[in-house]
Amino acid sequence: MLLQLREIQKSIGVEEILSSVSFIIEEKEKVALVGVNGAGKTSVFRLITGEWQADEGTMSKATGLRVGYLPQLNDEVSATGTSSSDIEAGRTLYEVLDSVHAPLKKMEAELRTLESSMGALKAVELENALKRYDTLSVGFKDAGGYETESRLKGVLRGLGFNEKQWVQPFGQLSGGQRTRAMLGKLLLERSDLLLLDEPTNHLDIESVAWLEDYLKNLPSAVLLISHDRYFMDRVVTKTIEIEHKKSVVYNGNYSHFAAKKATDRALAEKHFAEQQKVIKHHEEVIKTIRSYKTEAAIIRAKSREKLLAKIERIDVPTQDPTTMRLRLKPRINSGHDVFFAEDISMGFGDLKLFQDVSFELKKGDKTALIGANGIGKTTLLKILVGEHQPLSGKIREGVNVRMGYYDQSHAFDEVSESKTIFQELADTYPRMTQTEIRTTLAAFMFIGDDVFKPISALSGGERGRVQMSKIMLAGANFLVLDEPTNHLDLFSKEILEDALREFTGTLLFISHDRYFINNTATRILELTAQGLVSYEGNYDYYVEKKAALALAQALSQATHPVTELKPSSKEDYKRKKEEESQARKKKSRIERLEVEIAETEESIAKCDTKLATDEIGRNAEAAQKIFEEKIVLEEKLSILYEAWEDANEN
């Protein structure tokens, strides 16, 4: 056992933050701390680090426990244990991370000194030196002294730093880069327990995947706060939820927690409803008995009242935030062909982002655009919505397309500073009721009096959520969304996912949230410097298919080193278009055959019905005519079945 919290209570002034938090962290365990924004997750971290002291309850730590803490950082804040002198000294990124190895370097220096001096030592001194050398050697090896350089370089590469950035002064890095650097430093420090608050912020998908594997193999225990459900599913084996200031422990990853919680809540609601039914029955019986107003009736009523009082009342189950519904309905339907892009190339000056990008979007498509940071995903969206002009290529919208575009960088432009959040939506959509406005805002985490906050007092993330809520209500049939889940808590993400899955229009979005992509997208477009690669499926399919392609490429290069597999080009796009055209023709033919088969079967059934009537049974000539008609229909049906089977096989 590394850490144990028992019945922890904490208040700030008169506000109770936590009322009953209990859990245990074991060695090497990977644990997620979840809950709605403001539930008290970061407060738990502050109690563990000693920044805060609990009002009630106890906290037990293993002797000598080393805790590393990465808070959720902004651009100006560095991780705990890292002073601003790192920046002031002008050290390079590599040097800042390498500073964690100072104790090992000191040990190594002493080892080298002993090696060089032992030749001149006398017997007793030599014996002592050898003992010291052996002790240092074992300690150096156990602490990973021989792997420091390879681990350091692996962490830098895994977190997305190229070798040019390694020698860049730390102070010249962006806030997001410094956050990644501080995460890397914590990973190298080999703490017994790592506290990570949103560790995947500022990481692209590839770096997050690397971090998952690194943490799973890390000998340290990890307690993390994250909104990345895919990340939690891959890393954690235990989930602790903070809800209504109390903790509940679930053994399993996030998906297991979500399923178990839903089951437990449904069971609690069932038990509550059953008990309420029993209580109501007792109350009605007591009321009826008392109406008789006899002494015997009064005695019986009092007896039943005692029985009723002994029932241990079940608390009213708390409302599940995910039961909230957000419905997105296009005002008009678009045509089948929604959007068309051909040979789009883009760059700025000498910087070339991508070239020869071609794709189509059909009505009902739900497409995720992914790719490495800086590859130009947002730029491509801006081209599609008309904010940028491409260097070459053309785009075309389909019939009756009504676009809704969410870009958080425009959050300040899309709302009125002088209004409250509620007024902003009410003025934009005057036909909506107060309940409809409040329901929509609640889906984007504006609860209770939050809806009356003035726009001028909102943070950038809050403004982004207001803008998102407006777009969701605009009735667009083509939604273009850039990182729609940023600044949303887990429950709001799930509400948005459900709404987008049921959305009958067309969706194109950028996201680093793989769980959101997996639950929402039916198609993945990966943007690369060479073009666009299309995967017809969700994120899990994309990962599986990409791994298969990588294996095929490796085998091809091993057999034919000059051969190189390339992403989709213009020829691939044209080939795919032809395949899609053939697939549509096949589908159309199958549907026509199925309609004709159904009509023929119905006609045969009518013939059987007629032959069974007394009127036809007494008329031999009419019966013979209907029978011959049935024979012809059955022959036709046999031919139709053969044609249907042939269409499905080819």
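User: Which residues have the most contacts inside the largest nonpolar core?

Analyst: This is a predicted model in which local features need pLDDT of at least 70 and side-chain atom pairs count only at pLDDT 80 or more, while totals for chains, interfaces and linings use all residues. Side-chain values use heavy atoms, leaving out hydrogens and water, and residues are numbered from 1 along each chain as its sequence is written. A nonpolar core is a set of buried Ala, Val, Leu, Ile, Met, Phe, Trp, Tyr and Cys residues joined through side-chain atoms within 4.5 Å, where buried means under 20% relative accessible area, exposed over 50% and partly exposed in between (1.4 Å probe, protein chains only). The largest such core has 72 residues, and those with the most contacts inside it are M472 and L479.

User: Which helix gives the largest share of this core?

Analyst: Helices are DSSP runs (H or I, at least four residues) and strands likewise (E, at least two), numbered from the N terminus. The largest share of the core, six residues, comes from residues 175–189, helix α8.

User: Which residues does M472 touch, not counting residues up to four places away in sequence?

Analyst: Contact means heavy atoms within 4.5 Å. With that sequence exclusion, the residues touched by M472 are L326, L328, F444, L479, L481 and L496.

User: At what angle do the axes of helix α6 and helix α9 cross?

Analyst: Axes are lines fitted to C-alpha atoms, for helices over the stretch in contact, and angles run from 0 to 180 degrees between N-to-C directions. The axes of α6 (residues 148–158) and α9 (residues 205–217) come within 9 Å, and their crossing angle is roughly 140°.

User: Which residues of α6 and α9 make the contact?

Analyst: By class, the contact has three nonpolar, three polar and one charged residues; Ala, Val, Leu, Ile, Met, Phe, Trp, Tyr, Cys and Pro count as nonpolar, Asp, Glu, Lys and Arg as charged, and the others, Gly among them, as polar. From α9 come S207, W210 and Y214, and from α6 come R151, G154, V155 and G158.

User: What is the bridge partner of I344 in β11?

Analyst: Two strands pair if DSSP finds at least two bridges between them. Strand β10 (residues 337–348) runs antiparallel to β11, joined by eight bridges. The open three-stranded sheet has the order β11-β10-β13, and its edge strands are β11 (351–362) and β13 (392–397). In β11, I344 is partnered by V357.

User: Is Y406 buried or exposed?

Analyst: Y406 lies in strand β14 (residues 403–407). Its contacts beyond four places in sequence include G464, M468 and P484. Because its relative accessibility is 2%, Y406 counts as buried.
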